[in-house]
There are 2 protein chains.
Amino acid sequence: MVPRLSSGWPSRLFWWRAARTPGAHGQPSTRNGASRVPPGVSPRVLAGGGPAVRRGSSSPSSRGPEVALTCERYPVRRLPFSVVSEEDLASFERIVPGRVVTDPEELEASNVDWLRTMRGCSKVLLKPRTTEEVSCILRYCHGRNLAVNPQGGNTGLVGGSVPVFDEVILSTALMNQVISFHSVSGTLVCQAGCVLEELSRYVEERGFVVPLDLGAKGSCHIGGNLATNAGGLRLLRYGSLRGTVLGLEAVLADGTVLNCLTSLRKDNTGYDLKQLFIGSEGTLGVITAVSILCPPKPGAVNVAFLGCPGFAEVLQTFSACKGMLGEILSAFEFMDAECMRLVQHHLLLACPVQESPFYVLVETSGSRAEHDAEKLGGFLDQALGSGLVTDGTLATDQRKVKMLWALRERITEALSRDGHVYKYDVSLPLDRLYDLVTDLRARLRPPAKHVVGYGHLGDGNLHLNVTAEAFSAPLLGDLEPYVYEWTAGQRGSVSAEHGVGFRKRGALGYSKPPEALQLMQQLKTLLDPKGILNPYKTLPVQA
Amino acid sequence: MVPRLSSGWPSRLFWWRAARTPGAHGQPSTRNGASRVPPGVSPRVLAGGGPAVRRGSSSPSSRGPEVALTCERYPVRRLPFSVVSEEDLASFERIVPGRVVTDPEELEASNVDWLRTMRGCSKVLLKPRTTEEVSCILRYCHGRNLAVNPQGGNTGLVGGSVPVFDEVILSTALMNQVISFHSVSGTLVCQAGCVLEELSRYVEERGFVVPLDLGAKGSCHIGGNLATNAGGLRLLRYGSLRGTVLGLEAVLADGTVLNCLTSLRKDNTGYDLKQLFIGSEGTLGVITAVSILCPPKPGAVNVAFLGCPGFAEVLQTFSACKGMLGEILSAFEFMDAECMRLVQHHLLLACPVQESPFYVLVETSGSRAEHDAEKLGGFLDQALGSGLVTDGTLATDQRKVKMLWALRERITEALSRDGHVYKYDVSLPLDRLYDLVTDLRARLRPPAKHVVGYGHLGDGNLHLNVTAEAFSAPLLGDLEPYVYEWTAGQRGSVSAEHGVGFRKRGALGYSKPPEALQLMQQLKTLLDPKGILNPYKTLPVQA
């Protein structure tokens, strides 16, 4: 659908100032969806050329030097778990015949995280297909005191998805079946190893959307998403997984199957046990199946990509958006000029608007295209007229919508090509959100290369990233605890959506009081008394 | 705002077939909001005359005969807690000076539940004002092994909010301060004893709404809402409290203050401890403060009250609604003809449409009145044209919106005036939802008077109620376990939103597997090892 555009907009706004290039699937587009290059503007590469590189799919060998062992780079000591024996391997072979991986080449991709900053040395990876197999594996490991690292798509950004030492890797890769889908309510029940993008496709074909979307969708597993309590791009509209997940099934450390896989919108029969497993990063149980409420697929999706002259204008644009777009606002993302330069440089994507200090991506999703266009038109009129926005482009068809989204979604990938990345993912009060980036830029010297800020502004979530040619302990010392202290000073969260994993467990105390940390530890002890599930993760380092 | 109505609608649809009567605040209205009574229709009393009777506000003496002691009516044995002594009272007086209630008259309203089916015999009620006072009270009771019954507005429907024996009643009535409100994000932080309706008014004056609304709003406390995980009328649109509550503060059984009172949209720093307390009915801790995300107040609210010829048509109307109203659909409630008769008889409210087997209340909330009117018009055209709906009326101004809502919200009150009420609150698959009502009607004989069904159809939540002149053990035997078995047979929930309390704890096993019940018990033991918090509630009866 082509929106009806307000006649008062500068015609420049809807130019696609770019031409088609090899690898880019689209024609540049005019305001009506046809192609043209405006006079006086040199062709640039469009955003979203080929399919995005899937997080976790690149083999480590293709991506640079050897990654140091986690236990050599960071101060961590192996806990007294048993070591996998030949007899154990034989037992595993009986539980998951033909699905016991011991080949070092094959294990490599599961020992190293996607960011290539952590490496475990696990000797065995298991690929169960059913909940019963997961239960047998855990019962066995529990009895033998073997540590287990549950692994989904291995797209995590805090080192939570790879072993730290020689933990048995329990992969959900073969647990990828849809169990049921209810075409009236939109309730999807599936195994934990389903890839998010495939689930999206499955439900979209049936007129629904998964209420979760994120850059790693091509690789990440829905079970891992739940274990991380992933936020992503649609949280602003559909809320968090704590509300949209209706049920789940988890296997506890001793192999007990906990079936909370209901599909009811409301269920107040006692404590909501599923919440324990959402966001606990595999430390309290292994999620094996999920029931999730999918909202109807919106009839119309529009994306506006806008340039803003300053961060104050980004915030004012957000306020205007909320007021004028109301219930159809489905995303409000921002990125700074430094992000755009990295995306241009490393991924050869083109900026579709005038170079600006900040860029904003506004998405609307609604049931009536003409109503949405009218609302969006009113907002853009005001934003341009008042100088909040200096340039912009609008996409209404799916292909171009994806291209604009790629500019935002592929920042992580561009950063990872820039060298070693120090990643921070914080929640902050909106009016101080970007100050952390500017403060840090003033503070850091080489070997820091780039300090960038982007993220889910609508959720108060800043992704702060610093790149350097290689890992540098002194640079890490300049960053931490500075970033955490700064965040705590604003009563923010030192992990908004990425979780704690291995990397942030020392920082928990900046966002949680001692009583909370103690209760977390008590819950861990209750559910996993031997501590075999994803050890060295999520919980604070014990004295 | 007056919606633009489609010209094709039967003119009858927008008549208000009623005249003003004493106690009714409104003029009957034409389609344009002016007043008229259509020819040939006799005036009837409009819905929503005076203010609704507030749940919990009527004094028991004004409402009929003495309520039997819970411990005499139901098989339950007092656990070996200490008995409150004179010395204890003196200690309480030191903690909350002047706020220790021992007067039997005053205690009466807190010993008896709103439904007047349960009575405890507590000798003391404490009214702390601060979290510190709650902490001191619990530390003291923990040390003395005194059982504690946390109480909010005492509007609960499962006997969770009153003592069973002589528990110390800890009331949040004086913890009624708003701590902060952020006018950009809409984040409200307040004490647990704030009354929901007062919070609603507070945030509405500032351009926001509380994402929770329910019939008991005039009395219920926000802390009690969280402890119950109340669902209510807005869940369809804004989701459950599990997503909208950003943080909370709770005091544990031993007096430890657990401060999880953050106001961040996203916070993945470890386990989400607040979820433990939401829906745990005061058995794991006493909620003392709440942080909740309030959505912007919609610019336009419309309510259509429709008559449907059968339950199949109710379901089809719901499907049509979801498809055509999309993001602006904010409620879809239904009630059967029997409910309407009780509301008419006991509360003197008038049915604003032709007598029908079923009635549906559809609410839309959106940011642009003319867009909403167009969407709603399209839906009503189709619903009337296809015979799904046989008659209807539409309200666009706030006063009439409230009148239509009163028909639905005050059913609970009408039922309570009909005699002893057996209440069931179940989640069921939509296509079987009403079968339970018809099955039960066929099964029951006197002393059952009325068997009615109504509820939040959009959430799959049926309120099934049976009335009788007085409590009857044989009738209870006809109802239970029949209703629970029927529900379990459909994989439903035996408590959708009311919770478990005292009344449903024997039924938990119909909706939860033994592994879940065991884990619930383990969590209780971990957080409240002496079991002093709201004993005899929520957890299954132990063997």
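At 24% relative accessibility, Tyr202(B) counts as partly exposed, where buried means under 20% relative accessible area, exposed over 50%, and partly exposed in between (1.4 Å probe, protein chains only). The model is a predicted one, in which local features need pLDDT of at least 70 and side-chain atom pairs count only at pLDDT 80 or more, while totals for chains, interfaces and linings use all residues. Residues are numbered from 1 along each chain as its sequence is written, chains are lettered from A in the order in which they are written, and side-chain values use heavy atoms, with hydrogens and water left out.

Back to the rings. Over all chains, the structure holds 34 aromatic pairs. Rings of Phe, Tyr and Trp (its six-membered ring) pair if their centres lie within 6.5 Å, with planes under 30 degrees apart counted as stacked, over 60 as edge-to-face and the rest as tilted. Tyr202(B) pairs edge-to-face with Phe181(B), at 6.1 Å centre to centre and with 90 degrees between the planes. Phe181(B) sits in strand 5 (residues 178-181) of chain B and Tyr202(B) in helix 5 (residues 196-204), so this pair ties together parts that are 21 residues apart in sequence. Helices (H or I, at least four residues) and strands (E, at least two) are DSSP runs, numbered from the N terminus. Phe181(B) itself counts as buried, at 17% relative accessibility.

Phe181(B) also makes an edge-to-face pair with Phe208(B), this one at 5.4 Å centre to centre with 75 degrees between the planes. Since Phe208(B) belongs to the loop between helix 5 and helix 6 (222-228) of chain B, and Phe181(B) to strand 5, the pair ties together parts 27 residues apart in sequence. Both of these Phe residues, Phe181(B) and Phe208(B), are buried.

Chain A has its own ring story. Tyr74(A), Tyr422(A), Phe471(A) and Phe502(A) are linked into a cluster by ring pairs. Over the face of Phe471(A) lies Arg73(A), 4.2 Å from the ring centre; a charge sits over a ring if NZ of Lys or CZ of Arg is within 6 Å of the ring centre and within 35 degrees of the ring normal. Arg206(A) does likewise with Tyr202(A), lying over its face at 3.7 Å from the ring centre.

As for chain A as a whole, it has 18 helices and 16 strands. Its 543 residues are 62% buried by count. Among contacts (heavy atoms within 4.5 Å) in chain A with a separation of 6 or more, 75% are between residues 24 or more positions apart.

Next comes the place where the two chains meet. Chain B brings 75 residues to the contact and chain A brings 75 residues. About 6,000 Å² is buried between chain B and chain A, and carbon and sulfur atoms give 58% of that; buried area is the accessible area (1.4 Å probe) that two parts lose on being put together, summed over both. On the chain B side, Lys266(B), Asn268(B) and Tyr271(B) supply 17% of the area buried against chain A, more than any other three residues.

Eight salt bridges turn up across the interface of chain B and chain A, a salt bridge being a side-chain nitrogen of Lys or Arg within 4 Å of a carboxyl oxygen of Asp or Glu. Asp272(B) and Arg242(A) form a salt bridge, with their closest N and O atoms 2.9 Å apart. Asp459(B) is found in the loop between strand 15 (448-456) and strand 16 (461-468) of chain B. Asp459(B) is buried, at a relative accessible area of 6%. Leaving aside residues up to four places away in sequence, Asp459(B) touches Arg265(A), Lys266(A), Gly232(B), Leu235(B) and Leu236(B).

Over all chains, the count of salt bridges comes to 57. Arg206(A) pairs with Glu205(A) at 3.5 Å, N to O; Arg206(A) is partly exposed at 36%, whereas Glu205(A) is exposed at 62%. Arg441(A) and Asp336(A) form another salt bridge, at 3.0 Å between the closest N and O atoms. Arg441(A) lies in helix 15 (residues 435-443) of chain A and Asp336(A) in strand 11 (residues 329-336), so the pair ties together parts 105 residues apart in sequence. Arg441(A) is partly exposed, with a relative accessible area of 33%, but Asp336(A) is buried at 1%.
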